[in-house]
Amino acid sequence: MLATLGEMFAMNQIGFPILTFIVFLPVLTAILIAFLKEETEIRIFAASTTLITFLLSVLVFVFFQRGTDQIQFTENLDWIAPIGVSYHVGVDGISLMLVLLTTLLSFLVVLFSWNGIAHSLKQYLICLLVLETTMLGVFVAINVFLFFLFWEIMLIPMYFLIKIWGGERRDYASLKFVLYTLLGSALMLIGFVILYLNYHEFAMAHGLPKTYSFDLLDLLKAPMQDEKQVIVFLLLFFGFAFKVPMFPFHTWLPDAHVEAPTAGSVLLAGVLLKMGTYGFVRFSLPLLPVASQLLAPFMLVLAVIGIVYGAILALAQDDMKKLIAYSSISHLGFVILGIFTLNTMGVSGSIIQMFNHGISTAGLFFVVGFLYNRCHTKAIARFGGLSKQVPIMAGFYLLISLSSLAFPGTNGFVGEIMILFGAGQDQDQVRYLIPAIFGVLLGAAYLFWLYQRVMLGEITEENRSLIDLDRREIGVCVGLAVMILWMGVYPMTFVKVTEGSVKYVVSRMTTIPSQESAPLLVEKGRKTTG
């Protein structure tokens with residue numbers, strides 16, 4: 001029987017089911033809002049709920065025990081017991097960072113949307129709250145069936161956010177987003193079913209009392225033949241790669257970003273794209289260690305192609321949103337690179353970079369939203385010299401740009417340098433550093449070029465009446481700025497959270513190859529030790 005994970009129950013750690021409160025408080029508020037009529041009350045309930053949810057996630061972060069690989073704050077209740085489905089939730093060092101990111105951005109987008117929604121405010125905020133519940137559900141689910149359920153329901157509120165409050169081509173963009181994701185999800189579901197049946201065979205052979213289970217902690221016990229691992233890896237790959245999205249499955253992303261409202265773009269780039277990279281770390285690496293090692297070179301090639309390809313396309317854009325969308329493809333290429341270094345430094349860096357990208361890209365989309373609310377355009381050519389008119393916005397935008405290009409002292413630097421160091425630990429992976437570093441240089445080029453075009457130079461007559469950020473908008477900026485500087489100046493606050501879980505995942509790579517693949521992978525195992 002293979003090494004699996006332990007767990008700490010929420011009732012023992014904190015005395016109440018805190019993750020259930022965090023996950024379901026937003027959707028319960030959405031139901032309440034449906035019966036309200038006064039818009040001010042609706043705004044207050046939505047903002048209060050997202051703030052409480054964020055504070056609860058901070059409480060989890062504070063009480064989280066560092067240095068262990070155990071799943072913490074767990075709750076486990078039978079749901080459909082005969083087929084192994086349970087309400088099993090918990091967090092570890094991998095998922096906690098993304099729970100914190102989700103609750104923070106959800107509060108900030110509600111705050112941003114306080115005055116910017118022209119119609120159907122109630123329905124808009126209901127979509128945001130339901131979306132928050134589904135995103136959080138994905139990150140805390142330990143039962144694979146529950147994970148897939150939240151993964152699929154998430155499509156509904158995001159579809160309506162783009163479809164109803166999106167731009168001129170919102171019908172096309174929303175449909176394309178759903179179809180691409182559903183295609184990947186269908187293949188991913190087949191992979192999960194194979195894992196489920198593999199555990200059943202293992203349980204029957206060893207006389208285990210639980211013969212059917214979708215639970216991750218049970219699936220980790222059951223070894224799998226190498227050929228079957230490769231098949232399952234590829235099935236899960238399509239589900240996760242479409243969501244990231246990785247090259248060449250990225251074509252839905254620019255359309256979705258350009259047409260989505262600002263809040264939709266922030267949550268799409270800041271959280272939803274991380275579901276794909278999270279899936280690789282949560283499921284592909286620990287459940288399919290042999291396949292992960294055998295297919296790592298393939299994944300690293302796709303990663304560096306995405307880094308360079310996304311950056312080059314970003315340089316060619318004349319729309320701010322589309323430029324940032326392509327930059328996400330490039331930045332998430334770094335995350336994939338870190339994951340498939342298969343060592344502690346690289347995987348830790350990838351988790352930190354998921355969080356960092358969520359903060360910096362959310363900031364960039366907020367800036368676009370501030371400008372669009374004032375100028376009603378996203379065309380880069382319509383701007384210029386705005387720093388003279390909106391100096392507070394210009395200062396925040398500069399900090400966000402520095403974060404996005406991984407400037408030392410900002411959060412982006414920490415994640416990228418860990419990923420690059422992780423890749424440098426293996427001689428076979430050093431060759432991937434050259435295109436990755438080239439991608440960093442291209443990132444600096446398109447980010448500085450965009451800042452120069454928008455904020456520097458001579459201001460046009462039509463922009464002389466622009467108003468700088470108000471107190472609510474400054475509040476949004478301050479929330480992101482604190483995270484950028486905190487992570488950049490003292491990253492160990494967050495790195496220590498990930499250590500135990502990352503070491504466990506990497507140990508699965510190096511200590512449990514199947515019998516038939518052990519001779520083949522022993523040399524690779526030595527190289528990937530973090």
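**Overall build**

I began with the radius of gyration, taken over C-alpha atoms, and with the globule rule of 2.2 Å times the number of residues to the power 0.38. For 530 residues a compact globule would come near 24 Å, and the protein has 22 Å, which agrees. I noted that this is a predicted model, in which local features need pLDDT of at least 70 and side-chain atom pairs count only at pLDDT 80 or more, while totals for chains, interfaces and linings use all residues. Residues are numbered from 1 along each chain as its sequence is written, and side-chain values use heavy atoms, with hydrogens and water left out.

Along the principal axes, the C-alpha atoms fill a box of roughly 75 × 55 × 40 Å. I then looked up burial (buried is under 20% relative accessible area, exposed over 50%, partly exposed in between, with a 1.4 Å probe and protein chains only), and found that 63% of the 530 residues are buried. The accessible surface, from the Shrake-Rupley method with a 1.4 Å probe, comes to about 18900 Å², and 67% of it belongs to carbon and sulfur atoms. Of the contacts (heavy atoms within 4.5 Å) with a separation of 6 or more, 81% are between residues 24 or more positions apart.

**The sheet**

Taking helices (H or I, at least four residues) and strands (E, at least two) as DSSP runs numbered from the N terminus, I found 22 helices and three strands in the protein. The three strands form an open sheet in the order β1-β2-β3, with mixed pairing, where two strands pair if DSSP finds at least two bridges between them. β1 (7–9) and β3 (85–91) are at the edges with a single partner strand each, so one side of each has no neighbour in the sheet. Neighbouring strands are turned by 45° against each other on average, direction ignored; the axes are lines fitted to C-alpha atoms, for helices over the stretch in contact, and angles run from 0 to 180 degrees between N-to-C directions.

I next went through the pairings. β1 and β2 run parallel over two bridges, and F9 has T74 in β2 as its bridge partner. Strand β2 (residues 71–80) is antiparallel to β3 and joined to it by six bridges; N76 has H88 as its partner in β3, and L77 stands opposite Y87.

What packs on the sheet, touching β2 and β3? I found helix α6 (residues 144–153) there, with its direction at about 80° to that of β3.

My last entry concerns the hairpin of β2 and β3, which has four residues between the strands and in which G84 takes a positive phi near 80°.
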